[in-house]
Amino acid sequence: MNMSRVETKEWKKKLVIYLLGAYGLFWGVFLMLIALIAGNVIKVNFDEQSYFMDGVKIFISWTPTIAVLLFRKKLFPKKSLKEVAESMFQQKLNMKLFFFVFFIEAAVYFIASTVTALWDDVSIASQWEFSLPFFIYSFIICLFTGATGEESGWHGFLFPHLMERYGVIRSSVYVGIIWGLWHIPLWLISGYTGLGLLLYIVQFMICTIAWSIVMDILYYWNRNLLIVTTFHFLVNFFLSFFHGNDLIFQITICILCVVVAAGFVAVYKYQRKSVN
């Protein structure tokens with residue numbers, strides 16, 4: 001899309017405002033938490049379950065959406081809050097795509113756990129934890145963190161905003177990079193160090209960009225935030241149950257992410273050619 005100089009300036013201004021808001025809120029909370037821990041105001045054991053940290057994670061995951069709400073009048077100057085919300089759910093949910101999302105996620109995690117089981121010579125079932133209390137706990141945590149809190153920002157504003165200028169595929173790559181780098185504070189407390197941390201970051205970024213491509217194409221096909229929120233939710237939800245060889249599992253997931261993303265790009269481009 002060609003923009004005039006004034007439109008380009010306004011477009012860049014909105015982008016900067018949003019990124020400063022989403023990143024600034026996250027880093028602000030993160031640095032405040034570090035200061036409180038360093039000053040012994042609060043004590044947190046990262047190796048144990050902490051409801052306090054769960055609360056922090058939930059709040060942090062909502063910073064992309066909080067940024068949209070705080071700067072709504074600048075990001076959507078001609079829309080009311082109701083109109084902004086309606087724009088994120090402007091199409092009826094495509095149920096075929098919705099259930100296809102479940103199929104993709106289930107297939108990826110099943111294949112990855114199968115590869116990991118073969119590598120370690122263990123059963124597939126032994127790598128997964130499915131106790132009812134943990135299932136309920138994980139469902140609640142994943143419901144209120146990650147997807148639910150983030151996607152109004154990443155797809156409600158950022159992807160459509162970038163798409164105005166760069167198109168679907170290029171914008172999806174940019175969203176993936178921005179989304180991935182937004183997690184930097186979490187990398188710092190991941191527990192990985194040295195080469196392990198480097199490998200973790202590389203696979204994390206590859207997966208984030210690949211999944212972003214898939215989610216953005218899904219959202220392009222069906223402009224309803226539920227489609228990408230569900231996809232993001234399932235990524236986190238399924239992952240929470242895996243307790244096997246994390247390195248092999250993540251490497252396999254990374255490869256599968258790229259394969260799935262390539263398939264989505266091929267279908268998207270084929271459809272574009274068919275229309276033209």
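Helix H7 (residues 132–144) and helix H12 pack at an angle of about 150°, with their axes 10 Å apart. This is a predicted model, in which local features need pLDDT of at least 70, side-chain atom pairs count only at pLDDT 80 or more, and totals for chains, interfaces and linings use all residues. Residues are numbered from 1 along each chain as its sequence is written, and side-chain values use heavy atoms, with hydrogens and water left out.

Start with that first pair. Two packed helices are described by the angle between their axes and the distance between the axes. Axes are lines fitted to C-alpha atoms, for helices over the stretch in contact, and angles run from 0 to 180 degrees between N-to-C directions. Helices are DSSP runs (H or I, at least four residues), numbered from the N terminus. H7 and H12 are roughly antiparallel to each other, because angles over 145 degrees count as roughly antiparallel, under 35 as roughly parallel, 65 to 115 as roughly perpendicular and the rest as oblique. H7 brings Phe134, Phe135, Ser138, Phe139, Cys142 and Leu143 to the contact. H12 answers with Phe233, Asn236, Phe237 and Ser240. Contact means heavy atoms within 4.5 Å. By class, these residues are 7 nonpolar, 3 polar and no charged. Ala, Val, Leu, Ile, Met, Phe, Trp, Tyr, Cys and Pro count as nonpolar, Asp, Glu, Lys and Arg as charged, and the others, Gly among them, as polar.

Stay on H12. Isoleucine 227 is in this helix. It counts as buried because its relative accessibility is 0%; buried means under 20% relative accessible area, exposed over 50%, partly exposed in between (1.4 Å probe, protein chains only). Leaving aside neighbours within four places in sequence, Ile227 is in contact with Leu93, Asn94, Leu97, Phe98, Val101, Leu218, Tyr219 and Asn222. Histidine 243 is 16 residues from Ile227 in sequence and 27 Å away in space, C-alpha to C-alpha.

Beyond four places in sequence, Asn224 touches Met88, Phe89, Gln91, Lys92, Leu93 and Tyr219.

Now the core. The largest nonpolar core has 68 residues. Such a core is a set of buried Ala, Val, Leu, Ile, Met, Phe, Trp, Tyr and Cys residues joined through side-chain atoms within 4.5 Å. Tyr18, Leu158, Trp211, Ile227 and Phe231 have the most contacts inside this core. Helix H13 (residues 246–275) gives the most to it, with 10 residues. Phe231 touches Val101, Ile104, Glu105, Trp211, Val214, Met215 and Leu218, not counting residues up to four places away in sequence.

Finally, turn to H8 (residues 147–166) and H9 (residues 168–181). Their axes come within 8 Å and cross at roughly 140°. H8 is therefore oblique to H9. This crossing is right-handed. Residues of H8 in the contact include Trp154, Leu158 and Tyr166; those of H9 include Val168, Tyr174 and Trp179. The contact of H8 with H9 has 11 nonpolar, 2 polar and 2 charged residues. Serine 152 also lies in H8, and counts as buried at 16% relative accessibility. Ser152 and alanine 85 are 67 residues apart in sequence and 8.7 Å apart in space, C-alpha to C-alpha.

Notes: Helix = DSSP H or I, 4+ residues; strand = E, 2+ residues; numbered from the N terminus. Left-handed = near helix turned anticlockwise from the far one by under 90°.
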